[in-house]
Every structure is written in C-alpha cells, then in structure tokens.
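Student: I would like to learn how to read cores and helix packing in a model. Please go through it with me.
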Amino acid sequence: MEVDDVPLDDKAKRMRDLLSSFYAPDPSASAPSFPATHASLDAINSASFDPDQYMNLLVQKSSLEGLLQRHVEMAAEIKNLDTDLQMLVYENYNKFISATDTIKRMKSKIVGMETNMEQLLDKIMSVQSRSDHVNTSLFEKREHVEKLHRTCNLLRKVQFIYDLPARLGKCIKSEAYADAVRFYTGAMPIFKAYGDSSFQDCKRASEEAIAIITKNLQGKLFSDSESIQARAEAAVLLKQLDFPVDSLRAKLLEKLEQSLVDLQLNVEDISSASVDSSDPSEQRNASMPIPSNAHEASVREFAEAICAYRVIFPDSDEQLTQLARDLVSKLFETTEQYVKNRISSADLLHVLGIIWTDVLLMDGVVHEAVLRDHCLEAARMVVKQYVANTFSHLLHDISDALTKAHIEQKDGVEKDSLQVALEASKKRVLQGSMDVLLDFRQLLDDNLELLAKIKDWIIDWVQGGFQDFFRELDNHFILLSGRNNSSSHDQVLAGLVLVLAQLSLFIEQTAIPRITEEIAASFSGGGIRGSEYGPAFVPGEICRIFRSAGEKFLHLYINIRTQRVSVLLKKRFTVLNWVKHKEPREVHMFVDLFLHELEAIGNEVKQILPQGVRRHRRTDSNGSTTSSRSNPLREEKLNRSNTQRARSQLLETHLAKLFKQKVEIFTKVEFNQESVVTMVVKLCLKSLQEFVRLQTFNRSGFQQIQLDIQFLRTPLRETVEDEAAIDFLLDEVIVAASERCLDPIPLEPPILDKLIQAKLAKTNEQNTISQ
C-alpha cells in the first residue's frame with residue numbers, strides 16, 4: 001500500500017501498516033522507506049531496518065535500566081500488534097461470512113418472484129383493456145350530456161340578461177335597491193364581455209336604471225331625515241356600485257389608526273415618573289388615577305377625533321369600536337413587555353392606573369366597545385404574567401446562589417463555601433418568599449377599581465404560583481444534582497448535592513410552614529379556579545416533595561462519595577498480582593488515600609449537617625479493640641501451621657457465624673454528620689469485600705490485607721457512630737480474603753503490632769512536619 005501525503009495519527013498509521021503487512025505480497029511495499037545509513041532508534045518500523053546496527057546504537061545510547069525498560073515496552077508492543085492482527089483477521093472473516101449469508105438469503109427470496117410478476121402484469125393489462133373499452137363505449141353519450149348541460153346554462157343566463165331591465169324597473173318602483181344592485185352586479189361580467197355586441201340594448205337600458213338607483217341612494221345617504229341604518233345601507237350599496245363614497249371615510253380612518261402609534265406608553269418615562277410614596281392608595285382615588293399629562297392629552301385628542309368621525313359616518317361603530325379596543329390592547333402589550341423585567345408592584349400599579357384612566361375616558365365616547373370588560377380581561381393576563389415572572393426571578397436568585405457555591409467549591413475560593421452557600425440559599429428561599437408576598441400584598445391593598453375586580457384571581461395566582469414555584473424549584477434541584485442523568489455525576493460536585501439535601505430539609509421544616517402562615521393571614525379566599533381543581537396551595541404536598549427530595553439528595557451524595565472511593569479500591573486490587581505478592585513490610589498507601597477521602601467527607605458534612613448521637617460503642621468484652629490480639633479470627637488461627645488446617649478452621653468460622661447475633665448493617669440515613677459518614681464507610685467496606693472476593697491471594701497477599709484492615713479499625717471507630725457494624729464489615733473483609741487465599745496463614749500478633757506502630761509513628765511524624 002502506498003503512503004498517503006495526508007499526515008495520520010499514530011493509531012491510524014499502525015492500523016494501516018498492519019493491513020499492509022497482512023495483505024501485501026511484498027512486505028517491503030507496506031512500510032515507508034528510510035535511508036539505511038541513518039539507523040536511528042525511531043527507524044525500527046522502516047523497510048531497511050538493520051537489527052545489528054540498531055542494537056549497537058541502542059547499547060551505546062541507553063543505560064542498563066533503559067535497556068530493560070525498552071525490553072518491556074517492545075514485549076508489550078509485540079503482544080499488542082499480535083492482538084490487533086488477530087482482530088483484523090477475525091473482523092474480515094466475520095464480514096465475509098455475513099456477506100455470504102446475505103447473498104444466500106437474497107437468492108432464496110428471489111426464486112419464484114419472476115413468475116409472480118408476470119402474472120401480475122397480465123392481470124393489470126386485462127384490467128386496463130376493460131377500462132378502455134368502457135370509456136370508449138360511453139364517451140359519445142358523456143360528451144352529448146355535457147353539451148346539453150352547457151347549452152341549458154347559457155340559455156338561462158341569456159334569459160336573465162334580457163329580463164334584467166324589467167327587473168330593475170320593478171325594483172325602482174318598490175325601492176328594493178338591494179335586489180337591484182345584486183342583479184346588476186351579477187350581470188356585469190356578461191356586459192363586460194358582450195355588452196358592445198349581442199346585448200348592447202340590454203346593457204344601455206340597465207345602465208339607465210342603475211343611474212336612477214344611484215341617484216336615489218345618494219339622496220338617502222346625504223338626507224338628514226333618513227335613519228342611520230338606512231344611510232349605512234345606502235353607503236354599502238353605492239360602494240358595491242363602485243361609487244366613491246368611502247374615499248373620505250378611508251382617509252379619516254387611516255388618520256385615526258396612525259394616531260394610535262402616538263398613544264403608546266413609554267416604559268422608561270413610566271419608571272421615572274413612578275411616585276416614591278410607600279402607600280399607593282394615597283396616589284390615586286378609586287375611579288380616576290393620575291396619569292402623565294402628555295399621555296392624557298393625547299388620549300383626549302383621540303377621543304374627540306372619534307366623536308367627529310361618528311358624526312360624519314354614523315355607521316362606523318364597528319371601526320370605532322375596533323380602534324378603541326386596539327388602543328387598550330396596544331397599551332397592555334407594552335405593559336406585558338414591561339412586566340417581563342424585574343419591577344416592583346408600585347411600578348405595575350402606576351402603569352395600570354394610567355391605563356384605567358384611558359379606559360374610563362374612551363368608554364364615555366365608545367360605550368358599545370365595552371372597554372371595561374376588555375380592559376379587565378387584559379389586566380388579568382398582565383397581573384398573572386407579573387406574578388409568574390416574580391416567581392421566575394425568585395427561582396433565578398436561588399439558582400444563582402447555588403451556582404455560585406458550585407463554582408466556588410470547584411475553584412476552592414473559600415474554605416467554608418458550602419456553609420456560606422447553604423445560608424445564602426436559605427435566605428433567598430425564606431426572605432425572598434416573604435418579600436414576594438409583601439409585594440403581592442400591595443396589589444390587594446390598592447384601591448384601584450380594576451384590581452378590586454380581580455382580587456380573588458390574584459389570591460389564586462399567588463397560592464398556585466407558590467405551588468408551581470416549589471415544584472419548579474424541586475425540578476431545578478434535580479437538574480443541578482444530575483440525579484436523573486447518571487453520566488453527569490462526575491461533573492457534579494458532591495458538596496453541592498449535600499447543600500441541596502439540607503436546603504430541601506430546610507424548605508420542608510421551616511420555609512413551607514412560614515409561607516403557609518403568611519398566605520393564611522394575607523391571601524385567604526380566592527377559589528375562582530373552581531372546586532374541582534382543589535386548593536391552589538397544598539403545603540402538605542410540597543413538604544412531601546422536599547422531604548423525599550432531601551432523602552434522595554442525601555443518598556445521592558453518599559453514592560457519589562462511595563463511587564469515588566470504589567474507584568480507588570478497584571485500582572488498588574486490579575493493578576497488583578496478588579498471587580505473587582511479596583511479604584508485607586508496611587501498611588499500604590491506599591489506606592492513607594482512603595482515610596484522606598473520609599476526612600474530606602467529614603469536612604463537607606461538618607459544614608452542612610448537624611452533629612448526631614454516637615451509638616453502638618464496642619467494648620473490650622464484645623468486640624475488637626486497637627490491639628491486634630483481639631481479632632477472634634486471628635486468635636483462632638495463630639496455632640495453625642498448614643493450609644489444610646486453616647481451611648478447616650475457615651469452615652468452623654462460617655458455622656460459628658450462623659449462631660452469632662445478627663448485626664444490622666444498613667440502617668436508615670439520618671440528616672447528621674455521623675450517620676452520613678457511617679453509611680459511606682459501610683458502603684466502601686462492602687465494596688472492599690466484593691473486590692477482595694474477585695482476587696486470588698497467596699499468603700503474603702492475605703497478610704497484607706490483614707495488616708491494612710487491622711490498621712483501619714482505630715481511625716474508623718473514631719469516625720463512625722456504629723462501631724459494631726464497622727467491626728463486623730472489617731472482619732468480613734478478612735474472612736473473604738482468607739476464602740480466596742491459597743495458604744491463609746495470618747501474621748503473628750507481635751509482627752502485626754510492630755508494623756501498625758511503625759505506621760502510626762510515621763503518620764505522627766508527617767503530621768508534625770506539616771504543622
């Protein structure tokens with residue numbers, strides 16, 4: 001295979017060389033050519049590779065340790081190349097076999113298909129021939145019927161055209177101008193096509209009659225004695241006759257529509273013009289709030305223009321009504337955009353007061369527009385949107401506090417960042433909710449007539465808003481924790497999950513009762529949404545949601561921390577060859593890493609969770625102590641001198657466990673420091689036991705596990721609250737190791753104590769230096 005000019009990565013080059021070496025007849029063709037004179041250490045893959053020259057160069061440039069390392073690397077590369085070559089061959093064989101099977105299946109399915117297709121073609125040809133025969137036999141009759149039908153329609157239209165002048169004359173006598181206009185407009189297409197030839201006399205007589213009708217309709221339109229309904233009908237008929245009666249109307253209406261643009265509220269002016277009084281009721285009375293002078297003058301001019309338009313065109317109620325409603329709609333559209341920002345209830349009340357003043361003014365001019373009801377419906381939507389946006393801003397504030405804590409913990413900005421984040425989040429939830437309720441209370445206390453009509457709606461929106469807010473808050477907590485996406489656990493810091501757990505508990509025990517009291521005191525009533533939907537705010541359901549969420553977040557924190565320790569344990573047991581383990585000299589480094597992880601967990605829970613009560617203390621009479629001689633398994637195996645007797649003792653140990661008192665290992669996790677740390681330790685020790693069961697140990701490997709476990713007893717006792725369960729799990733790890741050991745002979749107690757004391761002395765010395 002030829003070498004491409006495009007640079008490839010190492011893996012792609014290696015795979016290409018493998019394929020070339022397997023399929024190319026000339027091995028030299030698959031490898032790039034290098035000059036034979038330059039036998040560098042990187043030219044081992046070239047076609048001109050010289051082994052002797054390469055070895056001489058390698059011996060000259062490398063030390064003994066480097067040669068050994070190169071030997072190990074080359075052995076690993078040879079093994080990898082053999083494996084890759086085998087996989088390539090297997091994959092090609094699989095593809096050949098799959099292609100052969102596919103061809104066989106296609107051949108079996110195609111057999112017999114040609115005969116079926118020929119039969120189908122014969123049937124199609126038969127159907128087509130019969131269809132052609134039927135169409136041919138009926139073609140002449142169908143053409144004749146259609147021709148007669150067209151002739152009949154044409155004769156009917158010709159008769160109508162000849163009778164049109166007489167019909168128009170009768171309509172003039174009876175003043176049925178609507179029928180006359182309808183008849184004439186129906187005949188206009190024929191007059192345009194044949195009025196100058198075949199129907200010339202009929203067209204001239206019809207136009208003379210229509211001229212009389214137009215004159216009579218103009219008289220009605222400009223007659224003061226005619227009713228508004230008659231004038232409107234005359235204007236419509238003249239318009240159908242293409243008389244330019246609406247030219248003035250269209251111009252005036254266009255001017256009114258254009259003036260709507262100048263009546264829009266300026267949000268910036270509203271914000272700057274909002275009065276600073278703390279009591280909005282002092283700023284307006286119940287019927288006429290005080291708007292800005294410029295906007296009020298513009299609305300008055302608009303009302304006067306509508307009055308003048310109505311005098312000229314009395315039948316323009318629909319257009320004027322639509323104009324008035326458009327004005328109110330555009331004012332509320334501006335308000336809807338305004339409430340999307342974070343504003344106070346005082347600002348919203350000021351805007352609604354201006355709109356209500358405009359509505360009262362326009363309602364006196366266009367009463368049939370029912371602007372009050374229209375304004376009430378629009379105000380309901382605006383206030384509902386304001387309530388929803390306020391809760392959205394509160395949710396955003398809480399999310400910002402938690403996100404800031406996540407960033408600070410990730411960057412290590414502050415030592416007690418979790419505690420600071422928890423307190424900030426608590427304040428945002430409780431104080432933010434109280435501020436929101438106080439803001440909504442101003443809407444109820446204001447004496448604006450518009451808000452008084454939707455008071456019960458506001459109460460329902462506030463109660464339902466809190467219900468939806470806490471549900472959205474729970475969903476947001478789940479999103480932050482990555483609880484529904486196990487792949488995102490690595491990106492989520494465990495401390496944030498612990499903050500969410502404690503914050504959920506705070507919401508259930510403190511925030512919800514306080515909010516419930518405030519709602520009962522200031523927002524009682526409502527019920528507009530209907531009894532079939534139940535109450536808008538159900539504190540019991542919210543408490544249940546956050547109680548469950550807190551427990552789930554607490555277990556999620558334990559799982560995240562346990563998984564991290566499990567990765568450490570897995571690396572510890574999968575890297576070494578336990579069958580060839582050397583005699584233990586000291587406690588393994590993984591014990592320090594394990595204790596370091598437990599210390600980090602302890603620092604996190606101390607910031608967030610309260611202290612609990614330590615229980616299940618072990619004494620010298622019923623459990624193991626810091627001395628290595630107190631382990632019952634070792635004391636029973638001290639005098640065993642060979643593998644056979646050790647295995648017999650292992651069977652006796654299993655039988656003895658059946659008669660021991662059962663120790664409860666996994667209990668319910670409480671919201672305190674000791675309970676969480678204890679559960680993490682239990683799960684880690686259980687994982688350690690499972691990793692031990694997957695290995696096979698020699699005597700030294702078993703003794704190393706025995707030494708590590710014995711050293712862990714004292715620090716774990718000082719950390720957890722359930723010492724009995726921890727001692728039981730530690731013993732289980734040693735038992736599991738003995739079961740998987742080829743020669744389970746434990747360390748002698750003096751040696752075990754000596755190694756443990758040496759480790760303790762080394763640890764104390766390191767702590768002294770670090771301090």
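Student: Which residues touch the most other members in the largest nonpolar core?
Tutor: A nonpolar core is a set of buried Ala, Val, Leu, Ile, Met, Phe, Trp, Tyr and Cys residues joined through side-chain atoms within 4.5 Å; buried means under 20% relative accessible area with a 1.4 Å probe, protein chains only. Here the largest one has 139 residues, and Phe466, Phe470 and Ile507 touch the most other members. Helix H17, residues 494-522, contributes the most, 15 residues; helices are DSSP runs of H or I, at least four residues, numbered from the N terminus. A separate second core of 22 residues includes Tyr177 and Phe191.
Tutor: This is a predicted model: local features need pLDDT of at least 70, side-chain atom pairs count only at pLDDT 80 or more, and totals for chains, interfaces and linings use all residues. Residues are numbered from 1 along each chain as its sequence is written, and side-chain values use heavy atoms, with hydrogens and water left out.

Student: How is the packing of two helices described?
Tutor: By the angle between their axes and the distance between the axes. Axes are lines fitted to C-alpha atoms over the stretch in contact (heavy atoms within 4.5 Å), and angles run from 0 to 180 degrees between N-to-C directions. The axes of H23 (residues 699-719) and H24 (residues 723-739) come within 9 Å and cross at roughly 175°. H23 is therefore roughly antiparallel to H24, a label for angles over 145 degrees.

Student: Which residues of H23 make the contact?
Tutor: Phe702, Ile705, Ile709, Arg713, Leu716 and Arg717.

Note on methods:
Buried < 20%, exposed > 50% of the residue type's maximum accessible area, 1.4 Å probe, protein only. Helix = DSSP H or I, 4+ residues; strand = E, 2+ residues; numbered from the N terminus. Parallel < 35°, antiparallel > 145°, perpendicular 65-115°, else oblique.
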